[in-house]
Amino acid sequence: MLLRGAALRVTRPRVAVLEAVHTESHADTETITRAARRALPSVSHQAVYDVLRVLTEAGLVRRIQPAGSTARYEARVGDNHHHVVCRSCGAIADVDCAVGHTPCLTASDDHGFVLDEAEVVYWGTCPDCTAQRITQ
Ligand SMILES: [Zn+2]
Ligand SMILES: [Zn+2]
């Protein structure tokens, strides 16, 4: 059980939210709340918000926030992967590091900083939005 591995107490809201993050990738808090309520109808918005913070701090969930977007959460953690974001509809998909294993952490000049994250967002237009533009 992931929660025990992270030394977190197993509570029903934590299980429900963690499962929601696993099924709804890059979802916002609203979407996660809706998904968590399918398993645990009584869970409050505030409880989901609190659980997401705890899970993020424990490293079980990664929080991303592309410019102009609300915070999104995903279960794929620890690999510093990047994201492609659609400018039209906000769709988000995973993009692996361009070469090898987190090479983006090898900055051309780290200025003496100890780096632990490189944030890269690729912006563009998703296939659905591109198709709509062509047919309009
Ligand atoms: Zn789109
Ligand atoms: Zn992702």
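**View 1. Four cysteines hold the zinc ion (ligand 1).** In this predicted model, the protein donors are the SG atoms of Cys86, Cys89, Cys126 and Cys129, which lie 2.2 to 2.4 Å from the zinc ion (ligand 1). The site is tetrahedral, with angles of 105 to 112 degrees among the four donor atoms. For comparison, the ideal angle for four tetrahedral donors is 109.5 degrees. Along the chain, the donors follow the spacing C-x2-C-x36-C-x2-C.

**View 2. Cys89 and Cys126 link distant parts of the chain.** Cys89 sits in the loop between β3 and β4 (92-95), while Cys126 sits in the loop between β5 (121-124) and α5 (127-135), 37 residues apart. Cys89 counts as partly exposed because its relative accessibility is 48%. Cys126, at 13%, is buried.

**View 3. The zinc ion (ligand 2) has histidine, glutamate and aspartate donors.** Here, His26 (NE2), Glu74 (OE), His81 (NE2), His83 (NE2) and Asp94 (OD) lie 1.8 to 2.2 Å from the ion. Their spacing along the chain reads H-x47-E-x6-H-x1-H-x10-D. His26 is in the loop between α2 (12-23) and α3 (29-39) and His81 in the loop between β2 (72-74) and β3 (82-86), so this pair ties together parts that are 55 residues apart in sequence. Both His26 and His81 are buried.

**View 4. Val85 is a buried residue of strand β3.** Its relative accessibility is 4%, so Val85 counts as buried. Leaving aside residues up to four places away in sequence, Val85 touches Pro66, Gly90, Ala91, Ile92, Val121, Tyr122, Trp123 and Gly124. Arg4 lies 81 residues from Val85 in sequence, and 33 Å from it in space, C-alpha to C-alpha.

Key:
Residues are numbered from 1 along each chain as its sequence is written. Chains are lettered from A and ligands numbered from 1 in the order in which they are written. This is a predicted model: local features need pLDDT of at least 70, side-chain atom pairs count only at pLDDT 80 or more; totals for chains, interfaces and linings use all residues. Side-chain values use heavy atoms; hydrogens and water are left out. Donors are N, O and S atoms within 2.8 Å of the metal (3.2 Å for Na, K and Ca); water is not among the atoms, so sites may look incomplete. Helices (H or I, at least four residues) and strands (E, at least two) are DSSP runs, numbered from the N terminus. Buried means under 20% relative accessible area, exposed over 50%, partly exposed in between (1.4 Å probe, protein chains only). Contact means heavy atoms within 4.5 Å. Four donors count as tetrahedral if all angles lie between 85 and 135 degrees; four count as square planar and six as octahedral if opposite donors are over 155 degrees apart and all others between 65 and 115; anything else is irregular.
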